[in-house]
Amino acid sequence: MVQRLHLVFGGELINPGSTQFADVEKIDIVGMYPDYASAYDAWKGAAHRTVDNAHARYFIAHIHRLRDEETAASPTEELG
């Protein structure tokens, strides 16, 4: 079975119309999830907790899209 990892993270943005964080040291890493449905639930919870802050925004990153599992690993990956 293929695992489709998703990362949920967020924080305060410089302005609500951008995706640039005000302070990357304060990014809230909500967690890593094995499927989109559980990531969406975590995202929704984090977004609801910060609904009163117009500058706060949360994202779902599709980690599984960063790497093609069918492609051979790079020499650097083989070290890990």
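**View 1. His 6 sits in strand 1.** This is a predicted model, in which local features need pLDDT of at least 70, side-chain atom pairs count only at pLDDT 80 or more, and totals for chains, interfaces and linings use all residues. Residues are numbered from 1 along each chain as its sequence is written, and side-chain values use heavy atoms, with hydrogens and water left out. Strands (E, at least two residues) and helices (H or I, at least four) are DSSP runs, numbered from the N terminus. His 6 is buried, at 3% relative accessibility. Buried means under 20% relative accessible area, exposed means over 50%, and partly exposed lies in between (1.4 Å probe, protein chains only). Along the chain, His 6 and Tyr 36 are 30 residues apart, yet their C-alpha atoms are separated by 6.5 Å.

**View 2. The side chain of His 6 makes polar contacts with His 62 and His 64.** The contact with His 62 is 3.2 Å. The one with His 64 is 3.5 Å. A polar contact is a pair of N or O atoms within 3.5 Å; within protein, one must be able to donate a hydrogen and the other to accept it, and residues adjacent in sequence count only if both atoms are side-chain atoms. His 64 belongs to the loop between strand 3 (56-62) and helix 2 (75-79). Neighbours within four places in sequence aside, His 64 is in contact (heavy atoms within 4.5 Å) with Gln 3, Arg 4, Leu 5 and His 6.

**View 3. Phe 9, Phe 21 and Phe 59 form one aromatic cluster.** The structure holds five aromatic pairs. In the pair of Phe 9 and Phe 21, the ring centres are 6.2 Å apart and the planes meet at 50 degrees, so the pair is tilted. Phe 9 lies in strand 1 (residues 6-12) and Phe 21 in the loop between strand 1 and strand 2 (28-33), so the pair ties together parts 12 residues apart in sequence. Rings of Phe, Tyr and Trp (its six-membered ring) pair if their centres lie within 6.5 Å; planes under 30 degrees apart are stacked, over 60 edge-to-face, and the rest tilted. Phe 9 is buried, at 19%. Phe 21 is buried too, at 14%.

**View 4. Helix 1 has buried residues and, on the other side, exposed ones.** Ala 39, Ala 42 and Ala 46 are buried. Ala 37, Asp 41 and His 48 are exposed.
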